Amino acid sequence: MAATEERPVLVATEADDITADMVITQLNRRSVPVVRFNPADIGADLTVSARFGTCPVSMAGQVRTPSRTMDLAEVRSVYWRRPVWPAFQHLEDNDARFAAAQVRYGLGGVLHSLDGPLWINQPQRNAAADYKPTQLAVAQRLGLTVPPTLVTNDPSEARAFMADHGRVIFKTLRWTRYEGNEVPVTGWAEPVTADEIDESVCVTPHLFQARVDKVADVRVLVVGRRVFAVRIDSGLLDWRKDYSALSYTVVDLPAQVGKALLTYLDHFGLVSGSFDLAVDRAGDYWWLELNPNGQWGWLEESTGLEMSAAFADLLTRGDTS
């Protein structure tokens, strides 16, 4: 196997990803070779070949892009950032579904069979950590303070929860691409009252949560064992609604909270994650959620924290210890 210094970092992401660009810039400064690709480019711009059962190692093969050819046995680390899988919209529905499945389980299966490289993060582990009800349960088991929360498709249960807790908000259980009148719609955290609850709640589970009397939010990025915490002041229930209204302060987390977040990532086998917390008037921290592959680039630009360098350091080292 090639010396570590010669082995490439594989970056899987969509075509326009400024955050990935920041990490790649840092890798370039370290003279670390990078192979960047997007699964949606399969075909002329992306080729994969892998052999099993016919060579001394368990798997051998290559990934080729228009500018690079990479020996899969030489991958140092994988940054699984924001890859897009192909939809094959030019094909009939049945053929498109078939082709998309073959790419996901062919290309995806080859990459997942890599033995040794550090992943940030393994896609299966990202997926396991992305269930909000699971997040709430794990956070409470680790000693983090979790707001009273109800997941239900029973309207009577929802109304009773609101009667018990007064101010309640509704959150989506999973971000999903959605358009209304051909305009993208985002599911913000929104206040909800009992008189808004009707039988349509029966159709799917909904997440209702007692509103935290917060004075600020805190976004925490963990990269390996490095913890970057930024207080976000906005006065908004959901700060994502208006980035122009935000102000940022770099903060140190209480030791117990920081330790719990590291243990949380260890529980899911994650190398990195973006946590959202709230701070109340007493200065106590409340769990809100984890995004296993969250955005952080704008925070580096706003605070000067060396987040991209932390990713590059970890990817350069490439070990899984």
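Asn121 sits in the loop that runs between strand 7 (118–120) and helix 3 (123–128); helices (H or I, at least four residues) and strands (E, at least two) are DSSP runs, numbered from the N terminus. The peptide bond leading from Ile120 into Asn121 is cis, with omega near -15°. Most peptide bonds are trans, and most residues other than glycine have a negative phi.

Before going on, a word on what you're looking at: this is a predicted model, where local features need pLDDT of at least 70, side-chain atom pairs count only at pLDDT 80 or more, and totals for chains, interfaces and linings use all residues. Residues are numbered from 1 along each chain as its sequence is written, and side-chain values use heavy atoms, with hydrogens and water left out.

Back to phi, then. Ser31 isn't a glycine, yet its phi is positive, at about 60°. You'll find Ser31 in the loop between helix 1 and strand 2 (34–37). Phe88 is another non-glycine with a positive phi, this one about 50°, and its loop joins strand 6 (77–80) and helix 2 (93–112). Are these residues buried or exposed? Ser31 counts as exposed because its relative accessibility is 60%, while Phe88, at 18%, counts as buried. Here buried means under 20% relative accessible area, exposed over 50%, and partly exposed in between (1.4 Å probe, protein chains only).

One more loop is worth a stop. Pro66 lies between strand 4 (60–64) and strand 5 (69–71), and is exposed, with a relative accessible area of 66%.

Now for the helices. Helix 1 (residues 18–29) packs with helix 8 (residues 307–317) at an angle of about 60°, their axes 8 Å apart. Axes are lines fitted to C-alpha atoms, for helices over the stretch in contact, and angles run from 0 to 180 degrees between N-to-C directions. The pair is therefore oblique: angles under 35 degrees count as roughly parallel, over 145 as roughly antiparallel, 65 to 115 as roughly perpendicular and the rest as oblique. Who touches whom? Helix 1 brings Met22, Val23, Gln26 and Leu27 to the contact, and helix 8 brings Ser308, Ala309, Phe311, Ala312, Leu315 and Thr316, where contact means heavy atoms within 4.5 Å. Seven of these residues are nonpolar, three are polar and none is charged. In that sorting, Ala, Val, Leu, Ile, Met, Phe, Trp, Tyr, Cys and Pro count as nonpolar, Asp, Glu, Lys and Arg as charged, and the others, Gly among them, as polar.

Helix 4 and helix 6 (residues 255–268) make another packed pair, at an angle of about 130° and with axes 10 Å apart. That angle makes helix 4 oblique to helix 6. Thr134, Gln135, Val138, Ala139 and Arg141 of helix 4 meet Tyr264, His267 and Phe268 of helix 6. By class, this contact has four nonpolar residues, three polar and one charged.

Stay with helix 4 (residues 132–141), which holds Lys132. Lys132 counts as buried because its relative accessibility is 16%. Which residues does Lys132 contact, leaving aside its neighbours within four places in sequence? They are Thr172, Leu173, Leu207 and Glu289. With Thr172, a polar atom of the Lys132 side chain lies 2.8 Å from the backbone oxygen.

Note on methods:
A polar contact is a pair of N or O atoms within 3.5 Å; within protein, one must be able to donate a hydrogen and the other to accept it, and residues adjacent in sequence count only if both atoms are side-chain atoms.
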